[in-house]
Structure formats: structure tokens, C-alpha cells
Amino acid sequence: MTYFPEEVVEHIFDFLESHRHRNTVSTVCKAWYRVERLSRRSVFVGNCYAVRPERVVVRFPGVRSLSVKGKPHFADFNLVPHDWGGFALPWIEAFARGCPGLEELRLKRMVVSDESLELLARSFPNFKVLVLVSCEGFSTDGLAAIATHCRVLRELDLQENEVEDRGPQWLSCFPDSCTSLVSLNFACLKGDVNAGALERLVARCPNIRTLRLNRAVSVDSLSKILARAPHLVDLGTGSFTMDHRAEAYHRLMNNFTKCKSLKSLSGFWDASPRCLPAVYPICRNLTGLNLSYAPAIQGADLIKLIRLCLKLQRLWVLDCIGDKGLAVVASTCKELQELRVFPSDVCGAGTAVVTEEGLVAISSGCPKLNSLLYFCHQMTNAALITIAKNCPHFTRFRLCILDPGKPDPVTNQPLDEGFGAIVQSCKDLRRLSLSGLLTDQVFLYIGMYAECLEMLSIAFAGDSDKGMMYVLNGCKNMRKLEIRDSPFGDAALLEDVGKYETMRSLWMSSCDITLRGCKTLAAKMPRLNVEVINERDESDEMEENPSDLHRVEKMYVYRTVAGPRNDAPDFVWTL
Amino acid sequence: MEEDFRKGEECPHLLDLIPNERDWMVKEVGGGGKGFGVIEEKKLELRLGLPGSEDWPAVMGKQEEHSVESALSLGHYKLCKTSGINPSSVGAKRGFFDTVESKTEVFQQQQQQHPGFLQLQAKGKDLSPKTNGRAEQQSLERKACGSSVAHGSAAAPSRNAAGANNSSQTSRTATTPVVGWPPIRSFRRNLASTSKPSLESENGGLETAIKPENGGKGLFVKINMDGIPIGRKVDLKAYDSYEKLPLAVNELFQGLLAAQRDPLAAGNQKNPEEKPAITGLLDGNGEYTLVYEDDEGDKMLVGDVPWDMFVSMAKRLRVLKSSELSASSLLQLGAVTRKRTAAEC
């Protein structure tokens, strides 16, 4: 192969779509390395601190699409202090200097300042796609910069970000000449938008296919937008509250009827049950439905809606759907692949809830199910075993029993057997989250059977170091391991220090590891960053020279070729 | 295993032969010449070893989907694995060999810790996925397996496997707030309480501040029921009319009321239908009636004023025995009537 001209080799590499394949071929020989790096158009950096941005730019000067992830996953649940890090600016600066042809940027769990957005907007003349997921640190002013300067912007996708509202004018910053938008998602913005500007923007972008509005957009506005953009494929409604007897409602239903291409619906902020029938006309074609922001819609109304959605593949709901509602889903949605059931009432005064029965029904009615996130009040081993038998194709299985450490209510046993059945049956399982009462046994099963497992989330589980050791010894494809409130200590941490270089990261909080254990790990593995996170409310003793026997509350370990980071705040020690 | 290898592919493609895990080895090596050279040489070294190695069958076997064969191959593969070779990829091998070569102690430790593991392997083969098996039998077998491991492994803590009463594992009461639990994003916590679009944005959306559950804009008022020492709280903003409120009250107190009446039945959560529901809270027909206290401290019957007005006025709720309502303080009733007529004006 090396006798082929480089153009041919490059052309062959074009067929390699996954990052892993391209990474692999670049290691074959120097010639391939060179061809690969110059022809690489897309780079994915799973941990922003694993490599310096300048390095990436030097190696891949032709990159058009960059994806970077920042904070550890548990940051979503407030376990990572606010200013831990994950800044986007160094990346944007490095690329602005060395790779001005960048067209797409996707960031997840990073701190993005308005300054970085402005730099981004001005530095890349061909910039087309900006996707920010679970990011923070910017305001609508930053969005205004993007709107103003990115002349060929195709996608602006803001998912679940924390955005400071500085007024609605950002939307008006899209110049009249901007007609290229294909996807616009600002559902996470809390402030008002200028309805007129929005409607005009939609009207002049004939290719718009994804539009997710925020809560401030009224039904009237939605109606007008639908009339102008009947080719929408993915819609997030704004505030879905209206008088169902009024003219506006009928107009809306009428406009929905015209949207023949609509496949995915979300939003439904403040939706009341009587308004739901407005979408009945399009339910038949829906493949995706997200009703998880509509707590006022209870079981019976959900059921009526779902009975019409025969082609549904992805469903996100609140647990007020109840077991009965899930049974209806099971009998109606035979194409279902992904299900997420969120808790609607975190505080206690609940209405309907879901239990193991709902999930068993789903598993028996929806054999194509491969991705699950399920918050419930209880689960049994028998149910999990049945589910494992019915649905052997799970790739993502995340079960959260709301009461930490709760056993099987029927047998009072731990849920080891149930989860064991899941990992044994689901040979393609890549992601698993555990909950309920669990002993070391479940980790033995996971180590034995979960060969493809890449991400494991553990909370309030296990009895001893053995549990963690089973996982580290067994799961050869493990990439991300996150553990909280489990009795794993230094012995488990240091069992196989080389393992962590084969993984992206390890998070341990409220476990039994000590400072000595962390220091030992850091000393043995220079290519790992071992970060110990000490928050302010520890005793003063911590600030001085804490003893090595001191228990470490939060530790984050990740492999890196960039060395210790230089932007760590005071409370983060890189050992 | 060789048969699997040949069955799988006619002509193994180079890319398939190169296991594609452990990409970090390659990706993160930036232009640094020295570092790269070293790694490249090692990769070449290892690659020469690969095609003939015993691990290829395991790798190819892994790619098969036959459940029957996988039972056998699982057994074989696992034995390979527990003998210390990690067969999956070049990079991992290098990493692992490094570990093995430089840290033989660790390796030996692993060997020692595996007897229980291997024991389970033998059983694991028998337990292989019975796609048409019975659930109970599987679970029984696993339990037997589990307890044999518990006996077999060296220092298994006694509360392994079958233990149901792990004192450190007793489930926490639902009311104990745990930081970051349940694992949902902040904006989902506040959903039920921020059900109106006019609510200001500071707290209604995503929060990064570390706040336990009730950080949102809910309107929580205390609610007490006659005869029940435990008071609860209810979020008035979670409802948009009088329809749902009595249901919520029922939910809050049904269990407690049943427990009061029959303490022996208290732990039983499985049959909510068996507990008598609290009904007729608003229409005066039930055993209990719902009243509220406004900001002036007056007690009023719930249901008289428009819902929104009620939400803005109610500072506290009480579930009173209907019999006591009529008997007790006519003054209260009088106050009720006065306020009612005032509202109607």
C-alpha cells in the first residue's frame, strides 16, 4: 500500500469514518501518518485537558470540524465545583491562529465566555455549525456576535446551556442576508425573543429543518412560523398554553396539519392537556417525542396522544405517565428504540409513579429498545431478568431507583442478579448506570460479562475494594468510570494503575480513598493527571499540610499528554 | 476457536485485524518527533507478533454473535483473559505489558485474586445465556453460583451476595436530601414548580449553584391534618386548578392516615388501594374538609375563590375533620362566610 501515491491513500482514508479507525491507520507507518494527518477533517477530543489545543492544530492543520468535551459527567449533578475549569477560549484561540478554515465546533460541558464567542465569530470566515451542550459562561451578547458575523451559519444548536439573558436583540442580529440556516435551537434561553424578528428569520431561510423555540415564544408566533416553514422536520414548541376554544388553537392545528415532514416534537412548555389535540394530526409520522417538560400533562392525556404515535422511535416522558401509560406505549410503539422516563416530582408529593412493571411491559412490547434512562421508585431482580431476556440489544441502560441503596422490595435482596442478567444478556452494552442495593457481586458480573462496556456509573453500591477491582480487571473497553458514595479505597484504586492509561477518566467522590493513595497513583503514573478537589467548606486543617491519611472527598484522574494543567483553580490540586 | 476465525471472514481485512481500541496512543501524540518515534517502533514490534498469536481467535470469536458458541468461546476467552493477556488491541497490550513487565507484583496479585473469578468461569459456562430459559431458574443458579463464590474467595466479607441487611446499605429515607441525587439536571428539578412562563428567569431555568432539591420557584405551604402529628408541604404552583389539589392531599396523607389507624399495616407499600382514600375535601361531603389560612390568619374553606386568588392568599393549609369544622368555633365559620361574601362582591 505504501507504493501508492499519497492521493490514493488519502482517498482510501476518506472511507474511514470513525475517529478510531483513522487514529489506527495513522500508526502504521510515517507515510500513512502524514497522509492521515493532512487529510483529517474532523477531530474529536474527549477530554479537553488530555492534549494541548496547539498540538492538535499543528498535527491536523486541515481540520474543519472540532468536538471537545470539558467537565466530568457528574458536573451535571452539581458534584463538580462551579469554576473547576473546562475553558473553551484556549481552543478557539489556537484554532483561530492555526486553522482558520474551521467550519464546525461542538463543545460539551465547557465554560464558554462571550469573548470566546466573539473571537469565534470573527476568526472563521467559513464557520457553519456551532453546537453547545451543557455549557455555561456566556450570554445572549455572545450569541449576537455569532449571529452578526457568521455569514454562512447553518446550525446554531444550544442544548441545555446556562445562558445569561441580556435581552432579545441577539436574534435580530442575523442580517437580512442570512438565509442559510438549517437548524436553530434556542430552547434553553430563558428570556424573551422578538417574535417579529424570529418569524422573519424563519421566513427567509428556506432550508430550515430543525427549529426549537424557547418558552417565551407564544402559540400565536408558533402558528405563524409553522405557516412559513411547513417543511420542518424537528420542532420544539415554545409555550404551549392557550385557550383550546379560541381561534388561535384551530389555526395552530390547521398549520400543524400542513407540516407533512414533521418527525420530531419537543417543548410543550406549560402545556395543558386540552391543547394537546392540536398535534394529533401529525402524530402518525412522529419518530421522536419529548414531553418531559410538561408536568401538567398526566397519564390519561399522555395515553391518548401516544396511541396515535405508531412510528415512535424515541420517547422522553415524565414518570406521571405511570405504569399504565407505559403499557400503552408498549402496545403501540413497536418501533421504540430509546426511552427516557424522568422523575416529575423530586420533592415527594407525587401523583402517579413508575415501577418495574412499566419497564417490563415496555421490554416485552418493544423488542428494538436499545437505549434506556429510567427513574423509578422500585425495581426487582425478577423484572430485570425478564427485561434482559426480552431486550438483548441494549447499548445504553441507565436505571435510577430514586431511593439510594433500595433492595428488591419483594425479596429484600440486593439487585446484583438483576443487573447481572442485564450485562450477561446485552452483549453490546456500552453504557450502564447502576442503582439500588448492590453488593460486590454485581461488579463481579460486570467484570465477567460486560465486554463492550465503555462507561459505568456507580452510586451507593458495593461492599469492599473487590467490587471496583472486579470492574477494573474485567472491563477491557472501559473508558469512563464514575463512582460516588461507595466503599472503595486505596487498595482498589492502586490495584492496576496501568489501567487508567487505557481509559479516558476516573471520577471518585465520597469514597474511601486517601491522599496517600492519590499521591501514590500520581507518582506511579506520570502520564495521568490526578486531581484532588477540595472545596472551601473543609476544615482549615486541609489548607495546610493535610495528612496523607486524610480521606479525599473528590478525585478526578485522566490520562493526558499535556501534563498538569495551568488553569486549575486553588481548590484543585494536581498531584 | 480457529474454526470461528475462519468462519468469520473470508479474508481478514487489515483494518479488522487491527483492533481499533486504545486510540489515545495515537491521537494524543502530537508532532513531537521523539515521543512519536518510540511509540511507533513499539507498535511495529507488537504488530509482527499479532497474526500468529493465540489471541486472534479470541478477538475474532468476540466478533461472532452466535449465542451458543459464545458460551464456549466465553469460557475459553475468559480463561485467556484471566491468564493475564489482554487480547483486545495493540495499544492495550503495550500498556498492559508495560504493567506486567515493570510491575510483576501487581500481576501476581491479580492471579491470586482470580481463583474465585475462575471458579465462577466454570459455572459461567453452564449459566450461558439461555435465551429460552426460565427466569427463576437462572436466578437460582446465579444465586448458587454467587454463594459458592462467596465461600470460595479468600476474604469475602460475610455480607457479600446473600446479605440483605447490610447496615451500611440500608436505604435512606426519601426525605434526606443528598447532594446531586437523584442524578438529574437542575432545570428538571424545578419543572413542576415553574409551570408558568411569566416566572422570572433567575431560578426557573438551569442552575449551576449547588442547591439541594427545592431551589426553584415553587410555592410550598405547610399542610397539617387533624390527628396526624407529621405535617407535610405542598407546592401550590404545581397545580393549575382545584381539581388536582385534593388528589395531592390524598397522596400526602393517605399512607400516614392508614398507619395511624392500623400501625401494623404501616410498612406495606404495595397496595395503595387498600388504604381508604381521603375524599370529599372540597364539597363538604367527606370525612375531612380542606381549609386554608390566609395572610391575616383567618381560616377559610378551600374552593370559594378563583384558583389564582387562592394561590396568592393561602399561607397554610389544614385538613380538618368535617364534624369538628361545624362544631368548632362558629366564629371561624362566620369569618368564612364574611370573607366569602366579600369575595363575591
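User: In this predicted model, what is the accessible surface of chain A, and what share of that surface belongs to carbon and sulfur atoms?
Analyst: The model is a predicted one. For chain A the accessible surface comes to about 19700 Å². The share of this surface that belongs to carbon and sulfur atoms is 50%.

User: What are the corresponding values for chain B?
Analyst: Chain B has an accessible surface of about 18500 Å². Carbon and sulfur atoms account for a share of 54%.

User: What percentage of the residues is buried in chain A and in chain B?
Analyst: A residue is taken as buried when its relative accessible area is under 20%. Chain A has 575 residues, and the buried share is 64%. Chain B has 345 residues, and the buried share is 42%.

User: Which residues form the patch of positive charge on the surface, and where does Lys263(A) lie?
Analyst: The patch of positive charge gathers Lys260(A), Lys263(A), Arg284(A) and Lys311(A). Lys263(A) is partly exposed, because its relative accessible area of 39% falls between the limits of 20% and 50%. Its place is the loop between helix H10 (247-257) and strand S11 (264-266) of chain A.

User: Which residues gather in the patch of negative charge, and in which helix is Glu118(A) found?
Analyst: Glu54(A), Glu93(A), Glu115(A) and Glu118(A) make up the patch of negative charge on the surface. Glu118(A) has a relative accessible area of 35% and is therefore partly exposed. The helix that holds Glu118(A) is H6 (residues 114-123) of chain A.

User: How many salt bridges are there over all chains?
Analyst: Side chains of opposite charge can pair when their charged atoms come close. The criterion applied here is a side-chain nitrogen of Lys or Arg within 4 Å of a carboxyl oxygen of Asp or Glu. Over all chains, the number of salt bridges by this rule is 28.

User: Arg34(A) forms a salt bridge with Glu6(A); how many residues apart are they, and what is the distance between the closest N and O atoms?
Analyst: Arg34(A) belongs to helix H3 (residues 30-39) and Glu6(A) to helix H1 (residues 6-13) of chain A, so the pair links distant parts of the chain, 28 residues apart. Arg34(A) is partly exposed at 40% relative accessibility, and Glu6(A) is likewise partly exposed at 36%. The closest N and O atoms of Arg34(A) and Glu6(A) are separated by 3.2 Å.

User: Why does the salt bridge of Arg185(B) with Glu160(A) join two chains, and what is its N to O distance?
Analyst: Arg185(B) and Glu160(A) form a salt bridge. Arg185(B) lies in the loop between helix H10 (135-152) and helix H11 (186-189) of chain B, whereas Glu160(A) lies in the loop between strand S6 (155-159) and strand S7 (162-164) of chain A, so the pair joins two chains. Arg185(B) is buried at 15% relative accessible area, while Glu160(A) is partly exposed at 24%. The closest N and O atoms are apart by 2.8 Å.

User: Which residues are linked with Arg185(B) in a network of salt bridges?
Analyst: The network of salt bridges includes Arg185(B). The residues linked with Arg185(B) in this network are Asp76(A), Arg109(A) and Glu160(A).

User: What separates the C-alpha atoms of Asn47(A) and Arg559(A)?
Analyst: Asn47(A) sits in the loop between strand S1 (42-45) and helix H4 (53-59) of chain A, and at 3% relative accessibility Asn47(A) counts as buried. Beyond its neighbours within four places in sequence, Asn47(A) has contacts that include Lys69(A), Arg504(A), Tyr556(A) and Arg559(A). Asn47(A) and Arg559(A) are 512 residues apart along the chain, and their C-alpha atoms are separated by 8.9 Å.

Conventions: Residues are numbered from 1 along each chain as its sequence is written. Chains are lettered from A and ligands numbered from 1 in the order in which they are written. This is a predicted model: local features need pLDDT of at least 70, side-chain atom pairs count only at pLDDT 80 or more; totals for chains, interfaces and linings use all residues. Side-chain values use heavy atoms; hydrogens and water are left out. Buried means under 20% relative accessible area, exposed over 50%, partly exposed in between (1.4 Å probe, protein chains only). Accessible areas come from the Shrake-Rupley method with a 1.4 Å probe; for residues, only the protein chains shown count as cover. Patches are made of residues with over 30% relative accessible area and no salt bridge: like charges are joined within 9 Å, nonpolar side chains (Val, Leu, Ile, Met, Phe, Trp, Tyr) within 5 Å. Lys and Arg count as positive and Asp and Glu as negative; His and the chain ends are not counted. The place of a charge is taken as NZ of Lys, CZ of Arg, CG of Asp or CD of Glu. Helices (H or I, at least four residues) and strands (E, at least two) are DSSP runs, numbered from the N terminus. Contact means heavy atoms within 4.5 Å.
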